[in-house]
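Me: I am new to this structure and would like to learn how to read the surroundings of its ligands. Where should I begin?
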Amino acid sequence: MVEMTGAKSLIHALEKEGVDVVFGLPGGANLPIYDALVGANLRHILVRHEQSAAHMADGYARIKRKSGVCFATSGPGATNIVTGLATAHADSIPMVAVTGQVPLAMIGKDAFQETDIIGISNPCTKYAFQPRVAGEIPEVVKKAFYISESGRPGPVLIDIPKDVQQATADMHFPDLIKVRGYNPATDADMSEVGRAVELLLKAERPIIMAGGGVILSGAFAELQSLAELMMIPVVTTFKGKGAFPENHPLAMGPIGMHGHPEANKIIIEADCILAVGARFSDRSVGRFDEFGKGMNIIHMDIDPAEIGKNKSVDVAIVGDVKSSLRTLVKMLSKKIVKREADNPWLKRRKEIIQYYQESLKDYPRDVTAKKSLKKLREILPANGIVTTEVGQCQMWASLHFDVISPGTFFSSTGLGTMGFGFPASIGAKAARPQVPVVDIAGDGSFNMTENSLAVSVLEKLPVIVFLMNNYMLGMVAQWQRTFYNRRYSGVHQHQCPDYVKIAEAYGAQGIRTQSMEELEKAIKTAIKSDVATVIDIPIDPDEDVYPFVAPGTGLKDMITGA
Amino acid sequence: MSENGDWYIVSAIVENKPGVLFRITNLFRARNFNIESITVGITEQPDLSRMTITTKSDERIVEQLVKQLRKLIDVVEVRVLDTDKSVFRELALIKMKAVDPTTRSEIMNYASVFRGNIIDIGKETMTVEITGTPDKIDAFKNLVEQYGITQLARTGVSALPRGVD
Ligand SMILES: Cc1cc2nc3c(=O)[nH]c(=O)nc-3n(C[C@H](O)[C@H](O)[C@H](O)COP(=O)(O)OP(=O)(O)OC[C@H]3O[C@@H](n4cnc5c(N)ncnc54)[C@H](O)[C@@H]3O)c2cc1C
Ligand SMILES: Cc1ncc(C[n+]2csc(CCOP(=O)(O)OP(=O)(O)O)c2C)c(N)n1
Ligand SMILES: [Mg+2]
């Protein structure tokens, strides 16, 4: 037991959790917390907008696979992080957000900068705490990290009234904690694993569909050994992009609305789908009723509520995919040595790939999204980290940028938050400073959080903004071209702003490229640079993303644009 | 299954602390679960409440409802009660117009057949308290509707499994 203020106990508890960096911005209601930060053993990174603090914590968390931490004051500070919480929640990212709140006695009085952040954030947090006495804080922090990181991860909010931050108490810092009513750990049911083994062994055309759960769990080696043992082609969801090396002979890339054509094609020809840590989102599967019809579906997921939510399945293996995959591989290896590589299904796989390679035409320009991204892949080391913004830029990244080293590609996929990629890249850089980090960006998205350039420059976290600039809310424009007879409405950015000047205004580096040669040079310069670099790459505003599975249609209805 | 689905009674043990009811009802709204009634009260353990939820639904939706409830940190235990193996009751207070003596005595008769109690008599109204299954309350309500029901309050169903459980 040690006596200290609530604010001090918060900082101390964070240190005890091993937190080394927090992202935030102060205000009246979290002044005591900011005071307690002085001299603390953790790095505070001051942001220019609280939304970015949450996205930075998110980017950090995706790399470290443990909770990122952000701070905001009450009222507008707290509401500014809501988009960040919702983004993390949609993508199951562990995060602990700490907000200041008006003093206890003022709650409910419509006090200055009072907002019911617990109510507001309820649907987009895994849990929220509001400690009422200072002495509760250490235990609340312990619980927050435990809840946020265990089971299916997610953001947890701690809302601390100012007087609770200021009050002193005898603090006890627990090492272990139990939360009644929360039992996230489950071991795979062996009889279900046995049924999965049977289905996989009798399948003639099996396919693995790897999702975000594989990345969250870090089950890369396990996934690869299963695929290689059974010689099963692997498609991923977009969130699962990079769960499996995309240059692997069994890799087929992401499926879905803007999936790789060969991936969409092969999955509808399969007879057995093994979904690993994927939640059958509408963007992945097209129509729920059509997807997987007549096939056996095996679903591995840590969240029991995902079983049967969107798709009825034949076998469900509930548990962490890392251990479930291990169990599955162990049981399978007892039955077979290794599948031979030349079977009709793998031949069919080759045919499909070849078909699309020959039939898809490239957009006829000297500089295109596809060429730019292939160039980036060529130069960026395999362990380089990529985040993305949202829109065409994101889908082009999915289609044309192959992830080689698993777990190096991160995007706001569930919420599709424009403005996520850039702050997330800074958070990723803070987590892994020794590797280059690139935000594959669109102009509209970059606009939303570009003021984080200040953070990148001042905190010496140099990242690369790979700006595919069509001066257009391009993805929306594509839908207007496709579904609204080219009636453009609210999508033009009118050559504003000048991104080179924006970069320079913050003390970063801005390079505009007009040719593939210039682009190559710019990427090399950026990787070596010790300040943030914005590479402004002009992209034709009419360039569409193909293939495209229109909403409400099935994967078989894919439009390839060819 | 009837057109609007079957009746399900879901029983949940939840933490007895502020904000729990909000989290649960917000979940129902956000996930589009249609709830007919919900009752909450303390259990034999003062830090736990029992919540009884009734819904007209189908099996798949109820399964999701149960799983989503289980996901809530404050929810300790959830189960769907087998209506044959549980006891369930609802309380209703029904106020109706009752001026002339014939009406009054008719209402008293009905109430006693249904084992209800007259709990208030005013100049122009009588209020009956009646406990039972929702069906029984419906039946009583239908019977006395002719007199003109002026106010009605129903608690929603409370339930427990039968016997040693
Ligand atoms: C513009 C745009 C276009 C998009 N187009 C596509 C598209 O074409 N194709 C596509 O697939 N997506 C697309 N998306 C993304 C889509 O919205 C979903 O976010 C995505 O499909 C979800 O993928 P998921 O199910 O793999 O991952 P998640 O949402 O990450 O779900 C992970 C699942 O794994 C489980 N899990 C978590 N941790 C573990 C663990 N340790 N062990 C086991 N299970 C675990 C979770 O419970 C969950 O069920 C698009 C998004 C945007 C913004
Ligand atoms: C915060 C937010 N607002 C609106 C949208 C809807 N939206 C999806 S993509 C898109 C256009 C993105 O433009 P840009 O970043 O320039 O990328 P492009 O599609 O042009 O590559 C918009 C507006 C969104 N996803 N997020
Ligand atoms: Mg654009």
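Reply: Begin with a definition: helices, of at least four residues, and strands, of at least two, are DSSP runs numbered from the N terminus. A residue is near a molecule if one of its heavy atoms lies within 4 Å of it. Note also that this is a predicted model.

Me: Which element gives the largest share of the shell around ligand 2?
Reply: H19(A) does, with four residues. In total, 17 residues surround ligand 2, and A:Gly444 and A:Ser445 are among the closest.

Me: Which polar atoms lie by the oxygen atoms of ligand 2?
Reply: A polar contact is a pair of N or O atoms within 3.5 Å. Here a polar side-chain atom of A:Asp443 lies 3.0 Å from an oxygen atom of ligand 2. Polar backbone atoms of A:Cys393 and A:Met472 each lie 2.9 Å from an oxygen atom of this ligand. The protein covers 76% of the 580 Å² of accessible area that ligand 2 has on its own.

Me: Which side chain has an N or O atom 2.7 Å from an oxygen atom of ligand 1?
Reply: That of A:Thr413. Alone, ligand 1 exposes 990 Å², of which the protein buries 95%.

Me: What classes of residue make up the shell around ligand 1?
Reply: The shell has nine nonpolar, 16 polar and eight charged residues. H10(A) gives the most, with four residues.

Me: Why does ligand 1 lie between domain 2 and domain 3 of chain A?
Reply: Because both domain 2 (190-358) and domain 3 (369-548) give residues to the shell around ligand 1.

Notes. Residues numbered from 1 in each chain as written. Chains lettered and ligands numbered in written order. Predicted model: local features only at pLDDT ≥ 70, side-chain atom pairs only at ≥ 80, totals over all residues. Heavy atoms only, no water. Polar contact = N/O pair within 3.5 Å; in protein donor to acceptor, adjacent residues only side chain to side chain. Areas by Shrake-Rupley, 256 points an atom, 1.4 Å probe, with all protein chains shown as cover. Nonpolar A, V, L, I, M, F, W, Y, C, P; charged D, E, K, R; others polar. Domains from an automatic or database assignment.
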